[in-house]
Structure formats: structure tokens, C-alpha cells
Amino acid sequence: MTLLSVLGVLSSAIFSGTSLLYTTLGEIIDQRSGIVNLGLEGVMLVSASSGFAVTAITDNPYLGVLVSILAGALMNMILGFLVISRRANQLASGLALMFFGFGLSAWIGRSYVGAKINGLPRISLPGLSNLPVLYSSLFNFDLLIYLVIPAAILVWWLLFHTRWGLGLRAVGENADTAYASGRNPLRIRYQALFVGGLLVGLGAAHLSIAYTMNWTEYMTAGRGFIAVALVIFSKWNPLRAIVGALLFSGAVAFQLLLQSSGIQISPFLLDTIPYILTILVLIAWGGTPKHSAPASLGRVYQGTE
Amino acid sequence: MPKLLPPESHPTLMISMREISKTFPGVVANDRIDLDIYRAEIHALLGENGAGKSTLMKILYGFYRADSGRIFLDGQSLSIQSPHDARLAQIGMVFQDFTLIPAFSVAENIALFLPDLGAVLDIKDVNLRIEQLSARYNLKVNPHAMVSELSIGEQQKVEILKLLLSDARLLILDEPTRVLAPHEVDALFQVLDGLRKDGLAIILITHKINEVMECSDRITVLRRGRVVGTVPQPDASESMLVEMMFEKKLSDVEVSRSVIRKGALQPLLKLHGVYTRSEGLGVNLVDIDLEVCPGEIVGVAGVSGNGQKELGDVVLGMIKCLKGTKNLFGKGVTHHSIQRMRKSGISYIPENPLTMAAAPFMTVLENMAVTKTWRYARQGGLRMDWQAVMTDIENTMKRMGFSLPWYVPARSLSGGNLQRMIIVRELTHDPRLIIASYLTRGLDVQSTIAAHSALIQARENGAGVLLISESLEELFKLSDRLIVLYAGRIVGRFRPKETDSYEIGHLMTGTKVQHDTKS
Ligand SMILES: Nc1ncnc2c1ncn2[C@@H]1O[C@H](COP(=O)(O)OP(=O)(O)OP(=O)(O)O)[C@@H](O)[C@H]1O
Ligand SMILES: [Mg+2]
């Protein structure tokens, strides 16, 4: 294994980890307010396809990113209508949203399969420019990559250091208490889904407009579900999510490298490495009562008589 | 329908509730209730369990919406559709079943209810305000602690602080004294008295009639959702209030003291040199030696948070014995699981029934069976014999004179009815050892008498009872022996005849020095 290939692993971990982290952050906000969004996969697909389409039409990747973000928020609003206003079951509604997203994204992206776009411009890290091109090109990152860790810190700050975050977490713990404090749990849950949707949209935008720069059907390939798992992995804490997303995508990139190096292990087994690693870390971290799931996660808020 | 007239204007009249009605499926909780609250008064609300007190107050706070009726503030009609509206009108409330969030710190819980909380949290400032206020009113809590680590008495103090910081002009307190130690009750009444002098109005719900007589200005009694009457405190007497509440006179239990068979039999429960370690801010038990023999009630006195919860938990196996041994019915059970302990005939009434003993979203019937599922499982657990559950439970209820609906979720029971549910469940099947924490918490006078006589009945049938309580009156009345817990240690062992509440009180608060100089 050469230095180049190791750096390659790192680079691709950063690229694929970015969209995973944005998505995870979005889901953390949803879940902190008490809503499990199992439809992430569908939300991401609709965001990715619509952002890609707009970029292809207007040739303006920033406009594409904006549309992606809004599409993510809108998709989450659909879930909100079902689980907040209609009080439907969250798991069933999430899965329905996912299948809806499969269909809708395929329709939106149907004439853009294989289209070429100018993605988000890459900005190279200062100081790396005098490295050989082969190396420095690995670390040409786009704006969304630079923003992802600040975004995680921002989400953490919002949740734990603002009045809004306090109210949001209160709704996720005990909506009756939040109501008694003069808040409207329904409105707060809508807000959480909206903001969460924006972040998922950013993740999807990074995937289609910055990283892969193309659109294919079902291009998210399970990222939405991995994000749900990462939320649990990170114990609903945005800062831990940074570690989780990097670790997971690093493991994925590493096992791809192993596969391409011609190692004599079945690729099916290699595929499981990231998941085994995740489980091992979860075991090592253990569970403390302080970092458990929001107490009314998944529970419909019925209101009071 | 007659038109509702606004209340007569009166310079100090603050809130008027007129013709308030509220029906839940199957019960009329409030039936055309009128209530006037004046500025600078402490208004006590009395009534048996399930009379509708909490419901009425939740309507005033906007937590429930009345089916009909109106509310006036300073003579103006006021629409209260949500707690938000009530808080704007400067109405604040401490709920009977707490609204604290266990996963939050004390400061976060209080911040949630601050009316002037900034958009960016300044937790340092919140901590400071809590510390100042708790020092001023003598309600000590640690703002950094997680609520899940607090004893129920400390939680009550947090609730009160929360209310005091919320800038309310009308304070509603739903059974705040239920879980406080006697000296804390005194402190609370001093706080309330100060607030009354500042012109605030206070509505106080309690089942302790002596407290009502001590601190209130006017008293309103509810029965089955209706107002029986409102009397000024000087015109009221304890017996008169009891009669208004229950439509009859009540006679207290007879406590016999003849059946102590100690020595002849081996103890039911024996703790020897037991140590525990609890997580976070809980208390560690230190070198506990304790015996409970058949046919005796051992009272455990102490201020809540001095190891009572841990004592109950360690007996039942919910926390581990670090050191020492535990014997139950003559067998070593130091490391047995909770289920094994339960199966062997031990009953437990924990200090907070809603969170520690009941599944709030399950029905009363399911809750009744949940600790004894092995007894009612049929066909290897594929089916539950609900009929048998009902028969067993109904027997106990008849004996105690309680009645409860079967098919409502436990969380919709009134506070006292929930406590009744736990007591009935735990006293069914003639347990051999009963561990009862704060047995009569939230019970009205009549139910308290019923619960006491049930305990005495159990003792007479040869059961042993470990009675953890903060009420010295109750402990002196029922116990055959008394121990005092302070900071996780047993600091005193007495027979009730050999001591007095003065001595116990000092041991409970750790002020033994004073006691020494006295004697
Ligand atoms: N959310 C609810 N759903 C259904 N029934 C309810 C609900 N809340 C209260 N009730 C019923 O309304 C009646 C009055 O209850 P309430 O809680 O007002 O009694 P209370 O006077 O406060 O009694 P306690 O002294 O036991 O606290 C009870 O029969 C209770 O079961
Ligand atoms: Mg009540």
C-alpha cells in the first residue's frame, strides 16, 4: 500500500463522509424533537435529483444547491403533515415517504441521467499547491466540505445553547412538559423537520452536485439508512456525529481499497467491515443514561383534552 | 342556557371561574364549578381523591380546555386556550405529577419555564438565579444535577423554584407538600406567606387538613366534581371540612400492638453490613444492619434523599449490594434478580409510583397484572387470564373500599387513584414482606385510613412491613420499631414509646449535637 493510496482513502472518506454528516445532522434535529424520519433515503434522492436538474438547466451549481436544500425541507414537511398533523405512525409514514421519494426522484431525473454538469468549484487547500498534482488533487475540496464541521458545531450550539434548542429537546423528551411551559409542540416539531430537511438537502446536494457530479437512479445507495444508524451511533450528539461519519466512510473507503488490491477475501465479507467496526465502537462506548434516546422518540403527540 | 354574568366587581378580586364543566370519557370531572380567587390570599382546595381538583386547576392553567364555562381576570373575560395564554396572564402552576424532564439538568428544566429567557442560553446566569433564590427561600438544590438523579423531594423543590422564577401573580400548587419533609413544609409555608404579603394569589391543593388550617385564608371543598362550599379559615374546623369532603364523619384506625412475635421466629428480612454505591448524586448506603420479623412494622424515618430510595431498591435487588449480605425468608438472596425476589412474595410500593411502578400508557387492568405475569399466564404465556386478575384485585379493592376503572390508561388516573392502584396491586396475594415508601402520598384522609388498616391487617396476618415515611405521625402510630436514616447510615433505633418526635427530628436532620446537650 502506497502513501498515495492511503491518502486516496482519506480523500474519498472526506468526500463521501460529508454528505453522510449533513444528513446525520438533519436526522439528529428531527429525532431530538421526537420524530424518527425513516424516509431519509427518499428525501435525499428527491433533493439530489432536483438540485442536479436545476444545475444542469441553469449551469449554476449554487442555484442547484439552494433547490436541493428547499426540496429536502419540503419533503420533510410532507412527513410532518402525516406524523404531526395527521398523527400517523412515524415508521410507516417514513417508509412511505421513502418509496414516494424513489418514484419522484426517478421522474425528476429521468432526462438527466448521464448529463454533464459543472459542479461546485473546488478550492484547494493553501500550502498544498506546491505538492505534486497527483497528491494535491486529492485535497481539492468544495465549499460544502469546508462547511460541514462548522455546520456540526452550529447544530450542536443550536441544540444545547439556545432557547430554541432547549424547547426542541424538551418536545423530544416530554411534549406535555414543553406544552406546559407555554410552547407549541406541534409547531416546534414542524420547525425541527424543516431545519432537519434543509440539512439533509445539503447532504444530497453535496452528493450529486459536488462529489459524483452525475445523477443515476437510487444513487444514494443506502446513505439515508446509514445516517439513521449514525444518529444512534453518535448518541444524538452532533459532535460525535463528526467522528461517526468520518469513521464509517473511512472504513468504506478502506475496504474498497482492500478489494482493489486483490486481497484473497470475499468482497462480500469485506463489505461488512464498516458495519462491524460500527458495532465494535458502539460496544466500546457503552450506554450511559446520560446519552440515551430522547424519551418520547417515535411517540405521537396527542395534545391534551 | 342562562347567560353567564361577569362576577361582581371587587377591588381585590383576581380570578373568577364561572360554570366550568369538564367531562372525560365516562366521568364528569368538573360540574359547573364557580371559584373566586382574591389577591393576597392563600386559597386551599380540598376534596377526596378524584374529586376534580387537578382537572379544575389544569383548566385554569390552560392545560385542559373546559367543555363550557368562562374565566374572568380582573373582571375582564379571559380566554385561556393553552398554558401559553395562562402564562401571559401571569398564572403559574406546579403539577401534581411532575413535569420535569429527567434527562435535563435542574438548570435546564428551570430555564425552560423562564419567561424572560434569552434566545441564547446563559446557563451561568440561570444557575446564579437558582442559587440566589434557593438560598433566600431555603429550598436547597444543586442546579447542575440531572433531574434523574434527584429524590422526589428535591424534584418538588425544583418545581417550586421553577414556579417562583416564572413571574406569576397567581400560583397554583397541586399537592406540593405531599413529598416534603416537615421542616421543608414549614419553609414552603413561610415562602407562601411572604408571597401573599406581596399581594400574590395562591391556590394550594393538599390532603392534609392541618396544613389547610395552618396556612390558608379561605377553603373550597369539592366533591365529585362539584363545589360543596367555600368557607373562610376562621369559620372552619377539621371535622367540619372532613364532613364536607366525605359527607360523613370518619374514625381513625385502631392500632393494636400485641402481635410482636420477635425472637420466636426467624426474621423475614435480614440485611447485614450492607453497602451500596449509587451513580451520580444518589446516596450510598453504609453498613446497614436491619431485620424485619413476621408480624412487625419497622418504620424508617428520615428526610427524603438520605438513602430511603436506595434502601428499598437494594432489598428488591434493583441496586447491587457492594458488601454485606441479604437474607430473605431465611435464605441468602444477596445477588438474586428482581423477578426472583418478587416471586418469593415481596411487595414494593416505591416512592414515585408513576415512573417507578406503573406503565402510564397501559390500562389499569394491565398494570395490575404486570408485576405478577407468571401468575396469570396461561398456555405457557400465550394467553393472560384477565378474569383471574380482576377477581383477585376486586377482592383487595373491596377490602379497602377503593374502586378503580379497569380500562383507562394509568396516566389518566387522578394522583390519588394512581397511588390506590399501586397499593391495591401490591397488597393482593398476601405478601409476606411489604416495603412501602411514602404509602399514603397523595391519598385523601379516608383512603389514608384504609391504607393504614390494610397494613395493620397484613401485619396481623404475620407479614413484615418496612414502612419508609417522612410523616413522623404516621411512623409513631404504626411502627413497632423505628430506625432513622441519615446520609445513608442508620443513626438511631428506637421503640416508639422510648422516643419522641423531637429526638427523631434532630437525628433526621443530622443535628445530633443539639440533642446531646439537651438530654
Ligand atoms: N386525562 C384524563 N383522561 C381521563 N380521565 C381523567 C383525566 N384526567 C382526570 N380524569 C378523571 O377525572 C376525575 C378527576 O380527576 P382529578 O385528577 O381532577 O382528581 P383530583 O381531585 O385531583 O384527585 P387526587 O386527589 O387523587 O389528585 C378522575 O375520575 C380522573 O380519573
Ligand atoms: Mg389531583
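Which residues lie nearest the centre of the second largest pocket, and how many residues line it?

Author: This is a predicted model, and that applies to every value below. The second largest pocket is lined by 42 residues. Nearest its centre lie K208(B), N210(B), S471(B), E473(B) and E474(B). The volume of this pocket is about 1,300 Å³.

The lining can also be read by element. Helices of chain B that give two or more residues to the lining of the second largest pocket include α6 (182-197), α7 (209-215) and α8 (238-246). Further along chain B, α16 (445-460), α17 (472-478) and α18 (501-508) also give two or more residues each. By class, the lining of the second largest pocket divides into 12 nonpolar, 15 polar and 15 charged residues.

Over the whole structure, the search finds 3 cavities of 30 Å³ or more. The largest cavity holds about 50 Å³ of space. Its lining consists of Y61(B), R87(B), G92(B), M93(B), V94(B), F113(B), E159(B), K162(B), L163(B) and S166(B). Strand β6 (91-94) and helix α5 (152-164) of chain B are the elements that give two or more residues to this lining. The lining of the largest cavity has 5 nonpolar, 2 polar and 3 charged residues.

R226(B) lies in strand β10 (residues 226-232) and D31(B) in strand β2 (residues 27-38), both of chain B, so the pair ties together parts that are 195 residues apart in sequence. Over all chains, the structure has 23 salt bridges.

Of the salt bridges, 2 are found across the interface of chain A and chain B. E108(B) forms a salt bridge with R169(A), and the closest N and O atoms are 2.9 Å apart. On the side of chain A that touches chain B, the elements giving two or more residues are α6 (143-161), α7 (163-173) and α8 (175-180) of chain A. The most comes from α7(A), with 6 residues. By class, this side of chain A has 7 nonpolar, 8 polar and 8 charged residues.

As for the interface as a whole, 23 residues from chain A and 30 residues from chain B take part in the contact. The two chains bury about 2,200 Å² between them, and 62% of that is on carbon and sulfur atoms. Of the area that chain A buries against chain B, R163(A), L166(A) and E305(A) supply 26%, more than any other three residues. Between chain A and chain B, 13 residue pairs are in polar contact.

Conventions:
Residues numbered from 1 in each chain as written. Chains lettered and ligands numbered in written order. Predicted model: local features only at pLDDT ≥ 70, side-chain atom pairs only at ≥ 80, totals over all residues. Heavy atoms only, no water. Contact = heavy atoms within 4.5 Å. Buried area = accessible area lost by both parts, 1.4 Å probe. Salt bridge = Lys/Arg side-chain N within 4 Å of Asp/Glu carboxyl O. Polar contact = N/O pair within 3.5 Å; in protein donor to acceptor, adjacent residues only side chain to side chain. Helix = DSSP H or I, 4+ residues; strand = E, 2+ residues; numbered from the N terminus. Nonpolar A, V, L, I, M, F, W, Y, C, P; charged D, E, K, R; others polar. 1 Å grid on protein atoms, 1.4 Å probe; cavity = no way out; pocket = protein on both sides within 12 Å on 5 of 7 lines; lining within 4 Å. Points joined across faces, edges and corners; volume = space filled by probe spheres on them.
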